[in-house]
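Subject: Structure handover

Hello,

Here is the structure for you to look through. Please open it first, then read my notes below.

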Amino acid sequence: MLLSVAVVFAASAVHAEFKLDDRYTDADGDLVADIPTDKAQLVDPAQLIFAYTPVEDPAVYAEAWSDFLAHMETVTGKPVQFFPVQSNAAQIEAMRAGRLHVAGFNTGSNPLAIACAGFRPFAMMAKEDGSFGYEMEFITYPGSGIEKVEDIKGRTMAFTAETSNSGFKAPSALLAASYNMKAGEDFTPAFSGAHDNSILGVANKDYDAAAIANSVKARMLDRNVVREDQLVTIYKSQTFPTTGYGTAHNLTPELQDKIREAFFSFDWEGSSLKAEFEKSGEAQFIPITFKEYWSVVREIDAAMGVQYTCN
């Protein structure tokens with residue numbers, strides 16, 4: 001395994017400042033890897049590989065991204081291949097190994113992708129009015145006997161993966177800090193691997209409860225994958241930033257500029273991207289910085305004592 005995440009709960013702990021792996025530099029202090037100044041370290045691939053965060057069925061998203069990737073091909077002058085990843089770790093490992101050039105990493109994976117894989121995020125989806133983000137929800141099924149967060153005690157609680165913000169880190173921090181509940185002691189944890197798996201698991205009564213991103217739930221409801229009457233929300237969090245889009249740090253500056261141009265010049269109207277993501281309200285790409293927009297996520301990581309090891 002290339003990546004490991006150590007999670008430690010402590011009432012009083014000293015948390016290290018977010019820092020990049022030693023293979024990267026950050027001379028300007030923006031918390032992301034600098035583009036190499038040595039031309040020998042730069043790459044200009046004949047074909048670009050793009051991957052979207054593995055939150056749902058990859059086949060659905062290969063079609064959803066098709067119009068956008070065609071636009072990126074026009075802007076960059078390079079063919080673009082959609083790469084269906086099965087896990088956050090596999091996606092991060094692919095970029096670290098140089099096999100992935102452009103990607104959308106989920107909220108919780110952004111710090112790890114930046115620290116360990118040299119990911120340089122610059123865009124995020126937003127609504128027409130510029131608002132953005134999603135909320136973490138605790139869901140259960142009707143008749144489960146769970147009416148409030150405290151009722152999860154003694155039951156099975158589904159998470160997605162340890163790198164997920166809304167699928168693991170934020171709910172774990174909340175349960176420990178606000179409800180004095182810890183996995184393995186007060187409830188039985190289960191890891192589904194993805195938000196759609198957790199949602200389907202609750203709808204089918206395989207899990208008593210789950211922590212999920214409500215943007216994923218909205219899209220699944222819109223596609224009739226699940227029904228409203230199969231799910232009950234017992235907790236809803238503050239708003240978090242959503243998937244961050246960006247490039248590998250060592251692409252040539254000219255290519256990184258072209259990729260950025262592709263994101264901000266894309267016409268959503270009538271596109272396959274809009275057809276899928278308007279289900280959760282997204283209608284455009286907006287510019288972001290990791291330092292500003294992910295500060296709340298880094299705070300959650302610090303509160304949990306998360307440490308990233310890049311091997």
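Asn 180 sits in the loop between α5 (165-179) and β8 (188-191). Helices (H or I, at least four residues) and strands (E, at least two) are DSSP runs, numbered from the N terminus. The model is predicted, so local features need pLDDT of at least 70, side-chain atom pairs count only at pLDDT 80 or more, and totals for chains, interfaces and linings use all residues. Residues are numbered from 1 along each chain as its sequence is written, and side-chain values use heavy atoms, with hydrogens and water left out.

Asn 180 has a phi near 55°, a positive value in a residue other than glycine. Most residues other than glycine have a negative phi. Asn 180 counts as exposed, at 61% relative accessibility. Exposed means over 50% relative accessible area, buried under 20%, and partly exposed in between (1.4 Å probe, protein chains only).

Asn 224 is not a glycine either, and its phi is positive, at about 65°. Look for Asn 224 in the loop between α7 (214-222) and β10 (232-240). Asn 224 is exposed, with a relative accessible area of 65%.

**A buried threonine**

Thr 160 is in the loop between β7 (156-159) and α5. Is Thr 160 buried or exposed? It counts as buried, at 4% relative accessibility. The side chains of Thr 160 and Ser 164 make a polar contact of 3.2 Å. A polar contact is a pair of N or O atoms within 3.5 Å; within protein, one must be able to donate a hydrogen and the other to accept it, and residues adjacent in sequence count only if both atoms are side-chain atoms. Setting aside neighbours within four places in sequence, Thr 160 is in contact with several residues, among them Phe 191, His 195 and Ala 211. Contact means heavy atoms within 4.5 Å.

**The sheet**

Now the strands. An open sheet is built from 6 strands in the order β3-β2-β4-β11-β5-β12, with mixed pairing. β3 (80-82) and β12 (284-287) stand at the edges with a single partner strand each, so one side of each has no neighbour in the sheet. From one strand to the next, the twist averages 30°. Two strands pair if DSSP finds at least two bridges between them.

Follow β4 (residues 102-105). Val 102 and Gly 104 point one way from this strand, Ala 103 and Phe 105 the other way, and all are buried. β4 pairs with β2 (residues 48-52) in the parallel sense over 3 bridges. Gly 104 is the bridge partner of Tyr 52. β4 also pairs with β11 (residues 244-248), in the antiparallel sense over 4 bridges. Here Gly 104 stands opposite Tyr 245.

β11 and β5 (residues 119-126) run antiparallel, joined by 5 bridges. Ala 123 stands opposite Tyr 245 in β11. Helix α3 (residues 88-96) packs on the sheet and touches β2, β4, β5 and β11; its direction makes about 150° with that of β4. Helix α8 (residues 253-265) packs on the sheet too, touching β2, β4, β5, β11 and β12, and its direction makes about 10° with that of β5. Axes are lines fitted to C-alpha atoms, for helices over the stretch in contact, and angles run from 0 to 180 degrees between N-to-C directions.

Best wishes
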